[in-house]
Amino acid sequence: MNKVTCGIAMSLDAFVAGPNQSFEKPVGDMPEDLLHHWMFDEPEKHKAELDALTDAGAFIMGSNMFGPKDRRDTSDWKGWWGDNPPYHAPVFVLSKNKRDPIDMEGGTKFIFVADGIESALSQAKNVAGNRNVSIAGGANTVNQYLAAGLIDELWLHIVPVTVGRGARLFENVPNLRMEPESCSGTKLVTHIKYRVIK
């Protein structure tokens, strides 16, 4: 049976992006690689964690992760990732507006869901088969799924920096109890896989 997982990089103070996100500044007012440079500076040391980020039968993301406010609903916007996004599976995008699906190279298909997080999860589970469903982000989307008790495993990639303001995990998420299943890392990042106790 598939699990619902979420793997996400964050600062020590639980931010996943800075304030004022835009097309010019996708991660807001902070250095673009601040929370992700471990992926590029020492990828061989984090191969298992990097592989896990895209190892799912379906993905769910918020509209802000799909694109900035002034572009995400335009017909020519197809996400940040070019013609061949890294997902290679259906990606359900939480949206306020209905929109035709977008087929991309490599098997990625963006499907827009306008009727809430439970509907997106039900559709994702249906297409994922026995594989996991991954909540890809951003913070608001992850927080909604955590608050609803719908995430089974939370894989945190904690970078030893603070951000101070921006998009933060765990806001309006009451009474979480988690059990660590594994912990590893380097000086650049600590990986902790938690099972969410329900």
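Okay, a quick definition to start: the helices here are DSSP runs of H or I with at least four residues, the strands are E runs of at least two, and both are numbered from the N terminus. What we're looking at is a predicted model, where local features need pLDDT of at least 70 and side-chain atom pairs count only at pLDDT 80 or more, while totals for chains, interfaces and linings use all residues. Residues are numbered from 1 along each chain as its sequence is written, and side-chain values use heavy atoms, with hydrogens and water left out.

Let's begin with helix α4, residues 117-128.

Which residues of α4 are buried? They are I117, S119, A120, L121, A124 and A128. Buried means under 20% relative accessible area, with exposed over 50% and partly exposed in between, using a 1.4 Å probe and protein chains only. The cover over those residues includes strands β1, β3, β4, β6 and β7, plus helix α5.

Now take β3 from that list. Both of its faces are covered: A58 and I60 are buried on one side, F59 and M61 on the other. β3 runs parallel to β7, joined by 4 bridges, and I60 sits opposite I135 there. β3 also pairs with β4 in the parallel sense, over 3 bridges, with M61 partnered by V93. For strands to pair, DSSP has to find at least two bridges between them.

On to α5, where the buried residues are A139, T141, V142, N143, Y145 and L146. Just past this helix, G149 has a positive phi of about 70°.

One more residue: W38, in helix α1. Is W38 buried or exposed? Its relative accessible area is 0%, so W38 is buried. Leaving aside neighbours within four places in sequence, W38 has contacts, meaning heavy atoms within 4.5 Å, with residues including A9, P43, H46, L50 and H157. A147, though, is 109 residues from W38 along the chain, and their C-alpha atoms are 29 Å apart.
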